[in-house]
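Please look over the sequence and the structure below before reading on. The paragraphs after them go through selected parts one at a time.

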Amino acid sequence: CALNQWALDFEGNLERISRSIDIARSRGARYRLGPELGNCGYGCSDHYYESDTLLHSFQVLAKLLESPATQDIICDVGMPVLHKNVRYNCRVIFLNKKILLIRPKISLANAGNYRELRWFAPWNKARHVEEYFLPRIIQEVTGQETVPFGDAVLATKDTCLGAEICEELWAPNSPHIEMGLDGVEIFTNSSGSHHVLRKAHTRVDLVNSATAKNGGIYILANQKGCDGDRLYYDGCAMISMNGETVAQGSQFSLDDVEVLVATLDLEDVRSYRAEISSRNLAASKVNPYPRVKVNFALSCSDDVAVPTCMPIQWRHHSPEEEISLGPACWLWDYLRRSKQAGFLLPLSGGIDSSATACIVYSMCHQVCLAVKNGNADVLADVRKIVHDETYFPEDPREFCKRIFTTCYMASENSSQDTCNRAKLLAEQIGSYHINLNIDAAVKAVVGIFSMVTGRTPCFSVYGGSNRENLALQNVQARLRMVLAYLFAQLTLWTRGMPGGLLVLGSTNVDESLRGYLTKYDCSSADINPIGGISKTDLKNFIQYCIENFQLSALRSIMSAPPTAELEPLLDGQVAQTDEADMGMTYAELSIYGKLRKIAKAGPYSMFCKLINMWKEICTPREVASKVKHFFRTYSINRHKMTTLTPSYHAENYSPDDNRFDLRPFLYNTTWSWQFKCIDKQVNALYCLYGFIFKALTME
């Protein structure tokens, strides 16, 4: 099952778990697997410390044990459990009002966005089982005082099942390896795995490879949706046998409950394993797992004529499809769960804000499609958002008009081109569009400064200093943020409609990394659907929208050079461009970001890698200059990441300071020691290969 669980929403979580069990039973399933920590929702974070979270998780478990729906089907749910005053991330497996096994997680996820070691301890006692004393609310239902707790497997009448939990599939010593050697035929994995662009194939390959070498059946359940933070859990529930996928769940959908069911032949596992001699030799030496005997069978004696599932080819989304669908589903969850009436976006006519607008439009498409396909949950949420119990969304543009407001905030430095682009795009997606001019507000704020100080700052083109130039740009940017929130609160009021709007930000991951944004400008919003996406990917996404949504307004947006439009125009034309301001290209920024975060490169290591990567286009001195410039500007602007708008996590080089990219925000921006090492290496290279670099420079 892939379930859209929500942190601490115990009532909703119970309803979704119960619904998934009903669906599984109706389709003839005998074993039901749910996502990691499904009773409470994965993203509870420091709420795991609270005894309330443990109590309410057990209360949910008690309701499930009592439910007639859980009879004659093995149910597997996730929840935190306190054993001997230590918290564990556990799977609780039960059948007919009896708990069979509590299986604690062995390998905890503790990298990137994950902090499981903060809240849980790993179970380090391999193949060891202890007695767990059940709380009274469970004893009253099951009649059991203690149950097995630890690293064991289930032995039914016809097969043997072993459990893994999320990270254990990714570990180099995954439990399924030795479980398979010990005769386990069905592996189950309860996951809380989030979306990252281009990641899905890795998960699929891991699942299929788990049974390709060793044989067996592998079933994976995952959480889906936004459960309260920056991550989108992307489902992809799947069932695999002997290295091939036999059932694939959706990666992005608005369905809160998705259930995959497969009928498979255990004899296919046994015959597959029979001829793998290396496996059979290793199996004779494996240490056995404790087995919990279960008086229940997953198969029937008269099922010979029942058809089995055949292998399928997994269909992966392109990165552009992922951008269109993932952030759109995340926005929908955030909108309905925050109980707001829609979104407001400052639409500048550039690529970033236009991409954000397209994601909202994609969300409207998904909502209309879900309602058309009979999704009653989505229809009920839509009616709550628009405050109309009879409303039925059919046209994405019409729905967009109701819930999406775009706003072009012009100044004397804005061009007519960007104004026209924003207006045309708003017309094509159907948003309620506002044009306004901020010059009066800018002059008022600068006037206050001049009145107090007796000095009037000027742009550099009029003889002002760099400090004056930057300050005047920042005033415009920050006033746009203030106005965005004012219009978000009151626009629906002026239209005679109830509710308020969430403000959307549109800073991409590369600009955040470089710090190319004004602190507390329009990048300061409620949420940002593109904050984890690179400029390169956004450009490709814009092209995708031109082709798939027939948004012709995007063509001129694609061809225009990115610009902040905060400095005076030159003969009515834009003179300021982003890449010139930054002193680097967006393509270079993506490379710096990946080397800094994913390759763990500091200034010197990055220089050493880039002199080889760019040896055809740059001399070592040019590479050194570029690396120094990046690290200097990155470190000067790092403080901006502490106030970065919560953004959809889509890239593994995100500079998000909250939990993913933990760094200082006050640096020694001279990097004196590191830059000296670079200079020393440059000099050494020129001594050895100087004639080559000289020739390259001449070319």
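Two residues are said to be in contact when they have heavy atoms within 4.5 Å. Helices (H or I, at least four residues) and strands (E, at least two) are DSSP runs, numbered from the N terminus. The model is a predicted one, in which local features need pLDDT of at least 70 and side-chain atom pairs count only at pLDDT 80 or more, while totals for chains, interfaces and linings use all residues. Residues are numbered from 1 along each chain as its sequence is written, and side-chain values use heavy atoms, with hydrogens and water left out.

Helix H12 covers residues 376-386. A residue is called buried under 20% relative accessible area, exposed over 50%, and partly exposed in between (1.4 Å probe, protein chains only). By that rule Val378, Leu379, Asp381, Val382, Ile385 and Val386 of H12 are buried. Seen down the axis of H12, these buried residues fall within an arc of 165°, so they line one face of the helix; the arc is that of the directions from the helix axis to the C-beta atoms. The cover over the buried residues of H12 includes helix H10 (319-338), helix H11 (351-372) and helix H13 (396-403). On the face turned away from the buried side are the exposed residues Ala376 and Lys384.

Both ends of H12 have a feature to point out. The N-terminal end is capped by Asn375, which has a side-chain oxygen 3.1 Å from the backbone nitrogen of Asp377. This belongs with the polar contacts, which are pairs of N or O atoms within 3.5 Å; within protein, one must be able to donate a hydrogen and the other to accept it, and residues adjacent in sequence count only if both atoms are side-chain atoms. Just after H12, His387 has a positive phi of about 55°.

Helix H8 (residues 266-274) can be read in the same way. Its buried residues are Leu266, Val269 and Arg273. Down the axis of H8 they fall within an arc of 55°, so one face of the helix is lined by them. They pack against helix H6 (175-181), strand E10 (186-191), strand E11 (217-225), strand E13 (238-241) and helix H9 (277-283). At the start of H8, a side-chain oxygen of Asp265 comes to within 2.9 Å of the backbone nitrogen of Glu267.

In an unreviewed entry, UniProt lists residues 1-266 for "domain: CN hydrolase"; UniProt positions are given in the numbering used here, feature names are shortened, and annotations may be inferred rather than shown by experiment. Over residues 1-266 the chain is 26% helix and 30% strand, and the end C-alpha atoms are 21 Å apart.

On a 1 Å grid over the protein atoms alone, a cavity is a set of points where a 1.4 Å probe fits but cannot get out, and a pocket is an open set with protein on both sides within 12 Å along at least five of seven lines; lining residues have an atom within 4 Å of a point. Grid points are joined across faces, edges and corners, and a volume is the space filled by probe spheres set on the points. The second largest pocket holds about 970 Å³ of space. It is lined by 37 residues, of which Arg30, Ala262, Thr263, Leu264 and Leu298 are the closest to its centre. Strand E2 (31-33), E11, E13 and H8 each supply at least two residues of this lining, and the largest share, 4 residues, comes from E11.

The largest cavity has a volume of about 100 Å³. Among its 13 lining residues, Arg230, Ser647, Tyr648, Ser654 and Asp656 lie nearest its centre.

Two residues with side-chain polar contacts come next. Thr245, in strand E14 (residues 244-248), is buried, with a relative accessible area of 4%. Its side chain is joined to that of Asn208 by a polar contact of 3.1 Å. Ser431 lies in the loop between helix H14 (416-429) and strand E19 (432-437), and Ser431 is buried, with a relative accessible area of 4%. A polar contact of 2.8 Å joins the side chains of Ser431 and Thr406.
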